[in-house]
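Student: I've just been handed a new structure and I'd like to find my way around it. Could you walk me through it with some questions and answers?

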Amino acid sequence: MEIQQITIEQFGKFRDTKLTFGPGMNVIYGANEAGKSTICAFLLAMFYGMPNDSKKKSTRENVRARYMPWGEEKMAGSVAFTHAGKSYVIERRMGDVRRKDKVTVRDGATWEEVVIPDKEEAGRYFFGIGPEAFRKTLYTGQLASVISPDKEDEVLDRLANLRQTGEEDVSYQRASSQLTSLLNSLRSVSGRAGRMPALEEEIASLRAEEERSRSVLAQHREDLARVGMLAEDSARLSAELAALEAQRAQSVRQGQYAEYRRLKDELATLTSRLQPDKLEAPNRKLAEVREAMEREKRFSDGSRADYERACQLRRREADLARQLSEEETHWEALRALEKERDSIPDIKGVNLPMLVLGLLVMVIGVVCGVVLHPILFAVFAVGIFLVAVSCLSIREQQEAQQKRRTLEAMIAEKRKTVDALGRDKLVSEREETQAELNDLLEVYQVKTEQEILDGLARRESLEKEGTALEREIALISEQQEAVKKDIDRVTAHLASFPFTEETREDDEQVLPLTELNAQITAKNQEILACETARREIAYELAHRLDGVRLPAEIAEERERKEEELADLGEKYEALSLALAAFAHGYETLKQDFAPVLSEHVGAILRRMSGGKYADVRVNDRFELCLKPADGGPLVDAAYVSGGTYDMIYLALRLGIIQTVLGVNVPLLVLDDSFSEYDDARTKAAVNLLGEVFPGVQVLYFTCHASFLSIAEGAHVVRLA
Amino acid sequence: MKMIHCGDIHFDTPFTGLADARKAALRQEDVRRTFGRIVALAAEEKADLLLIAGDLLDGDTASPETIRYVQEKLGSLVDTRVFLCGGNHDPVTPRSYYRLLDWPDNVHIFDTQMECVPLPQWNACIYGCSFSQRYEPASLLAGFRVEDPQKCNLMLLHGQLVGTGQQSQYDPIYEADIAQSGLTYLALGHTHTYTGPLYAGKTCYAMCGCPEGRGFDEAGPRGAVVAEVDADGASLRFVSLCRRQYHTVTLDVTGAAHHEELADRLRAALPGTAEDLYQIVLCGEAAFPVNSDVLLDGLPCFSAKVVDETRAQLDLVALREDFSLRGLFVDELLQMEDSPVVRRAMQYGLAALSGEKVVL
């Protein structure tokens, strides 16, 4: 394979750019940002298309977005190359999604389209490997070239195969993971999820259902047995009840007899209480009373008023009498007074002679006294005495006059009083009153008004007596009526019995009715309980099996599931076996490829390091272990310095390419892979390339001008 | 006298080997119908007796509906006396339907001790004994002698025919005991295949077999025996009554290029009718993965299942030489003993390695 020319219509920053290459080493030289990575990406895109990383929003990762020219919607270009002696051109147009891509592969000479398998990833056909493998082998990048296995690890697969099978790619990882996921679908790692555990659960639940169904059927049979026993019980209880009923009938009859007798006794008692002549006495008495009352007829209610009146009259009469007597008294008093008045002597008040004498004496006295001798004043004294004595009678007179006057007044008064009393009027009134009173008394035929009252009282007491008698009579009548009624009743009752004294029979004594009734009630309850139980069981018998599947049906389902489980079990075993065989085979292969790779890498490394490292061991994770030629300790490649690291991994890369592709390496693309090397080493590396991969076209992208001088004879492409 | 001798009907017992719940339900119905046919046969043949030699049903799993059906059917045989003995699946226990329910007047169920029921009409008598529990390790026939050898002596019994010195949990019956019994005809039940008339001493005896097969191990016609017995002996005639038969068919797939060819081969090889059940064993080398559903599609049968014992036609020997993952894988599996698991593992592994979708 040799890439002759690439034409970039638009891709990244390039527009209508043509780059021509030659065989062997090609150096594509340009400053940073000149577009080397873009050209690499373009090459890759032409042969393998671009992924649809629409989910990756970051432009860095979304290659389509990254290289889509600004303001454009498509990328386009073509690559002209030779392969196996023929020349081809790949033209590709790419949009923002894969579906808008268009690729054509033409014969370079005729421009006719050639048919190749999967032209979308034409690189598979022309390079013989897929894009991932290409990236890991033929394309060597700038950054740390760590190779790691991933899910779609073609490289590892190829290494594992050691040579191209020419068939569809086999992927251990992919195959293994498919089988593993099938295994897990049957039974997950935890053992709890998956078709098999699900079936196991279903089988367990069916077993439980079968158990339940069996027990329901067993219960059914138990119930049938019980039903039989209950039927027997029911019959027995019915017979017992009938016997008790018969006894009760007897008891009832006996009770009736007793009742009959009792009633008869009652009748006798009642009859004895019937006394028609009990009423005689009271009636008679009543008649007497009525008679008496008749006699005292005159004393009625009105009599009281008359009595009152009589009393009033009597009082009036008494009052009048009193007044008259009073008048008498007064008249007497008057007479006395007059008499007294008349008896009062006429008393001359003053004894005039004496008085004059006296005065004269007095004057004498005084004159004598004065003129004569003072001792004659005593005559004065005597004169006074005489005056005094003369006046003695004055007082008497006065007293008598006074008395007379008093008496006169009293007499006048008294006369007035007497007059007021009016004797005549009194007398006449008194007479009237007396007359009325007497009339009244006569009506009642009594002598005193008290007798009216007595008569009234008598009358009243008679009335009371009469009423009492009437009540008594009524009561007695009632009682007798009642007795009569009772007698009728009892007689009727007795008549209602189906037998008479003569016809009733006496049978043997049985238990008292109350006890029998209690027993019958109890028996009825037993019967009821029995019937209830029977009904319940009948219901159960009819319905217990509702919705319950028969054991046979459940067992059949369970067996079907068990068969299914067994089948899945076999499949599970088969998958496990296949996976084990895979793993085993893979281990075997890895054990084999590692030495081969190690050998290739070792050889390259020896050359590269100028013999410094004698040997190398590569493990399945592409980790290297170096053995220095001078016998020093083994060095883990991870610990070596940067430059050596690069060298080692370059060796690894080349070794892998050699191992995987053998000598049929179509092309090598190196993106400034030797940038860390010094000039000498760079030269050695370039030579190495030529030795390890003779005649293989190498596209070396670099920004180091020094490389140009090192790579003598290389075809140079300068990027603007 | 003429009698129908049947047994082992096994009502309400699970059928195995049916992939379909609907089919299982239909099979249960088949059993019911076949029993109906036995009863009809008794009526048709104007049989004097109908002998049911045990295992009519399963005591634990019988449904009341089935019991009612059986009672009704047996009761409908007005001119036939029915005798029944309990087998190991339906022993006459205190809780067995044989004791709990009232059976029609014409039905006699033998007790758990040997009983004799006189049949004066025919100068005969019939002996019988039921299982009292699921296992009867002691022979129920041991030491038995008929009372009156002049009569036509019948016996109805459920048990297993064993050789001298052998044992059985299900009433072992020894030829020596049969020979010494003096019976005219011994109607047996338990073995599901008709034995044909057997003789020991002057006794004729037979297992009637079940009337309806229950699995592929019970292939062939099934039914009941019509026996004509008198004091001199018995003559037996087998009547096939089963609704469906089981067949196992072996089909060699070698050389067939596609399903249609195989289907034709299969159709040609079917021995039975569209009512029957088939087990198709595929053998030989398959040029393509045989899909059971496709193969069985439209096959005239009640049910069919495929047992795949084919080998895939891969050039495995060549593959194993390949020093690749595939090669090593094939080699490892080929070193193991051939078995369905190994064959499947090979199939899965190769498919997975080819990047194909593996179908379990």
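Tutor: Let's take the two chains in turn, with a few residues from each.
This is a predicted model, where local features need pLDDT of at least 70, side-chain atom pairs count only at pLDDT 80 or more, and totals for chains, interfaces and linings use all residues. Residues are numbered from 1 along each chain as its sequence is written, chains are lettered from A and ligands numbered from 1 in written order, and side-chain values use heavy atoms, leaving out hydrogens and water.

Student: How far apart are the C-alpha centres of domain 1 and domain 2 of chain A?
Tutor: Domain 1 takes in 1–128 + 666–720, while domain 2 covers 197–273 + 511–543. Those bounds come from an automatic or database domain assignment. Between the C-alpha centres of domain 1 and domain 2 of chain A, the distance is 106 Å.

Student: What is the radius of gyration of chain A?
Tutor: Start with its make-up: chain A has 18 helices and 13 strands, where helices (H or I, at least four residues) and strands (E, at least two) are DSSP runs numbered from the N terminus. The radius of gyration is taken over C-alpha atoms, and the globule rule is 2.2 Å times the number of residues to the power 0.38. For 720 residues that rule gives 27 Å, and chain A is well over it, so it is more spread out than a compact globule, with a radius of gyration of 84 Å.

Student: Along its principal axes, what does the C-alpha trace of chain A span, and what share of its residues is buried?
Tutor: The trace spans about 225 × 145 × 60 Å. Buried means under 20% relative accessible area, exposed over 50%, and partly exposed in between (1.4 Å probe, protein chains only). Of the 720 residues in chain A, the buried share is 41%.

Student: Is Ile90(A) buried or exposed?
Tutor: Ile90(A) sits in strand E5 (residues 86–94) of chain A. With contact meaning heavy atoms within 4.5 Å, and residues up to four places away in sequence not counted, Ile90(A) touches several residues, including Met46(A), Phe47(A), Val105(A) and Phe126(A). Its C-alpha atom is 6.4 Å from that of Arg106(A), 16 residues away along the chain. Because its relative accessibility is 0%, Ile90(A) counts as buried.

Student: What separates the C-alpha atoms of Glu531(A) and Leu230(A)?
Tutor: Glu531(A) belongs to helix H14 (residues 513–543) of chain A. Its relative accessible area is 29%, so Glu531(A) is partly exposed. Along the chain, Glu531(A) and Leu230(A) are 301 residues apart, yet their C-alpha atoms are separated by 8.2 Å.

Student: Over to the other chain: what radius of gyration does chain B have?
Tutor: Chain B comes to 9 helices and 17 strands. Its C-alpha atoms fill a box of roughly 85 × 45 × 40 Å along the principal axes. A compact globule of 360 residues would be near 21 Å, but chain B has a radius of gyration of 26 Å.

Student: In chain B, what percentage of contacts between residues at least 6 apart in sequence join residues at least 24 apart?
Tutor: Chain B has 360 residues, and 54% of them are buried. Among its contacts between residues at least 6 apart, the share joining residues at least 24 apart is 68%.

Student: Where is Leu140(B) found?
Tutor: Leaving aside neighbours within four places in sequence, Leu140(B) is in contact with residues including Met114(B), Phe131(B) and Leu157(B). As for its place, Leu140(B) is in the loop between strand E6 (124–128) and strand E7 (152–158) of chain B.

Student: What is phi of Asp8(B) near, and is the residue buried or exposed?
Tutor: Most residues other than glycine have a negative phi. Asp8(B), in the loop between strand E1 (2–6) and helix H1 (21–44) of chain B, has a positive phi near 55°. Since its relative accessible area is 1%, Asp8(B) is buried.

Student: What relative accessibility does Asn123(B) have?
Tutor: Asn123(B) is in the loop between strand E5 (115–119) and E6 of chain B. Phi is positive here too, at about 55°, although Asn123(B) is not a glycine. Asn123(B) counts as partly exposed because its relative accessibility is 45%.
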